[in-house]
Amino acid sequence: MLQNSRNPGCTSPEVKTGTTIMAVEFDGGVVIGSDSRVSAGEAICNRVMNKLSPLHDRIYCALSGSAADAQAIADSVNYQLELHSIETGDAPLVRAAASIVKNISYKYKEELSAHLIVAGWDRKKKGQVYATLGGMIIRQPFSVGGSGSIYVYGYVDAAYKEGMSKDECLAFVTNAITLAIGRDGSSGGVVYLTTITEKGTEHSIIPGNKLPVFHDE
Amino acid sequence: TTIMAVEFDGGVVIGADSRTTTGSYIANRVTDKLTPIHDLIFCCRSGSAADTQAIADAVAYQLGFHSIELDELPLVQTAANLFKDMCYKYREELMAGIIVAGWDKRKGGQVYTVPMGGMMVRQPFSIGGSGSTYIYGYVDSSYKPGMTKEQCLDFTANALALAMDRDGSSGGVIRLAAVSEKGVERSIISGHQLPKFQSS
């Protein structure tokens with residue numbers, strides 16, 4: 001899933017957020033989470049990067065793939081969404097944000113190599129999670145992404161239950177990202193979590209030594 | 001393919017899906033990837049079907065001969081080493097990921113994994129095949145040391161079902177076998193009986 005593209009004249013490999021990102025809907029909002037590792041080849045150039053980027057007050061996106069591409073998309077969407085929200089005079093819908101991400105991802109799909117998961121809260125449909133991989137848009141009860149996500153498809157399929165509470169969602173995301181960090185060399189560091197509800201956003205960080213421990217550690 | 005083996009006190013549980021593909025065509029949807037090497041020693045095969053069948057046949061012959069010379073049941077570690085010797089020597093030509101599991105009187109139930117490249121290591125449980133990447137998180141979170149045979153069977157069936165749901169190259173039925181001093185108990189899970197999860 002991650003290719004190493006080499007630029008003639010540039011000595012270091014491209015910077016990637018080889019990553020694990022995840023978002024889950026619950027009744028009243030969403031929980032969105034990520035690891036914190038950014039790698040350039042074998043080196044970790046940032047071990048504490050927050051990959052959860054705000055697109056608006058109650059809409060966040062999680063970045064994965066090429067760090068530059070993902071940040072460029074997020075910045076562009078942030079700008080377009082702010083303009084849209086001023087024109088409509090209202091808080092933007094989560095689907096609107098996801099659509100703008102999708103439009104950019106699809107139009108430039110050959111040039112870009114980044115995948116953003118968009119999650120947030122709006123008045124109309126409350127908590128929503130949208131995946132935009134490859135330039136499509138699909139709403140899901142939960143979504144995982146990044147290089148580490150393949151290792152936890154089985155876990156999230158087994159552990160997901162409908163109607164989880166906010167705390168259950170936080171535990172679900174923390175466990176899944178921790179398990180992915182355990183197997184994916186491109187994911188690591190701390191776990192960043194953001195909860196988005198009608199009331200606003202709550203952020204938390206779980207450092208490496210406070211992550212859940214599984215049998216072989 | 002998804003293959004798996006788990007040790008328990010007194011034996012091992014092994015399991016596999018049943019899909020063999022050539023490209024997108026499913027050449028065999030009821031494959032048996034659990035191959036006996038000796039009375040109480042099995043191997044789970046993944047990778048090239050031709051390569052793994054050839055290796056298993058060769059090892060079964062060598063082990064049978066060795067067991068006659070010894071006049072005893074062979075050790076699982078011996079079988080694993082024979083697989084390792086072949087897979088390492090011909091590593092450039094072969095595409096074979098094998099899990100060796102069985103029971104012997106010296107160390108009881110044992111699981112040895114011989115992945116592509118030809119290393120060999122004993123593990124409390126092991127997963128392999130293309131579908132295994134999707135269930136690393138699940139097995140890491142669900143495995144507990146000291147499980148009973150029935151718990152191991154459930155653990156294996158659940159893990160294989162999850163992998164079969166996500167991996168296009170895995171599917172069909174779940175074949176299970178429990179190997180212990182008493183012998184081998186084979187079972188099959190298909191259709192409606194496959195474990196279901198809320199997310200599906």
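1. Start with helix H2 of chain A, where Val94(A), Ala96(A), Ala97(A), Ala98(A), Ile100(A), Val101(A), Ile104(A) and Ser105(A) are buried (under 20% relative accessible area; exposed is over 50%, partly exposed in between, with a 1.4 Å probe and protein chains only). Keep in mind that this is a predicted model, where local features need pLDDT of at least 70, side-chain atom pairs count only at pLDDT 80 or more, and totals for chains, interfaces and linings use all residues. Residues are numbered from 1 along each chain as its sequence is written, chains are lettered from A and ligands numbered from 1 in the order in which they are written, and side-chain values use heavy atoms, with hydrogens and water left out.

2. What do the buried residues of H2(A) pack against? Their partners are strand S6 (52-56), strand S7 (59-66), helix H1 (67-88), strand S8 (114-122) and strand S9 (126-131) of chain A, with contact meaning heavy atoms within 4.5 Å. Helices (H or I, at least four residues) and strands (E, at least two) are DSSP runs, numbered from the N terminus. H2(A) covers residues 94-107, and its 14 residues reach 20 Å from first C-alpha to last, close to the 20 Å expected at 1.5 Å a residue; that expected span is 1.5 Å times one less than the number of residues.

3. S9(A) is worth a look too: five of its six residues are buried, so the strand is largely enclosed by the rest of the structure. S8(A) and S9(A) run antiparallel, joined by six bridges (two strands pair if DSSP finds at least two bridges between them). Three residues separate them in a hairpin, and Trp121(A) sits opposite Gly127(A) in S9(A).

4. On to the next hairpin, formed by S9(A) and S10(A) with six residues between them. Gly134(A), in the turn, has a positive phi of about 75°. Two bridges join S9(A) to S10(A) (residues 138-139), again in the antiparallel sense, and Tyr130(A) has Arg139(A) as its bridge partner.

5. Now the rings: there are eleven aromatic pairs over all chains. Rings of Phe, Tyr and Trp (its six-membered ring) pair if their centres lie within 6.5 Å; planes under 30 degrees apart count as stacked, over 60 as edge-to-face and the rest as tilted. One of the pairs is Phe142(A) with Phe172(A), edge-to-face at 5.9 Å centre to centre and 80° between the planes. This pair links distant parts of the chain, 30 residues apart: Phe142(A) is in strand S11 (residues 142-145) and Phe172(A) in helix H4 (residues 166-183) of chain A. Phe142(A) counts as buried because its relative accessibility is 11%, and Phe172(A) is buried at 4%. Ring pairs also bring in Tyr155(A) and Tyr160(A), making a cluster with these two Phe residues.

6. Over in chain B, an open sheet of five strands runs S5-S6-S7-S8-S9 with antiparallel pairing. S5 (34-38) and S9 (121-122) of chain B each have a single partner strand, so one side of each is left without a neighbour in the sheet. S6(B) (residues 41-47) and S7(B) (residues 96-104) pair over seven bridges, with Ser46(B) opposite Gly97(B).

7. Finally, Thr1(B): UniProt places the feature "active site" there, in an unreviewed entry, and such annotations may be inferred rather than shown by experiment. Thr1(B) lies in the segment before strand S1 (3-8) of chain B. Buried or exposed? Thr1(B) counts as buried, at 15% relative accessibility.
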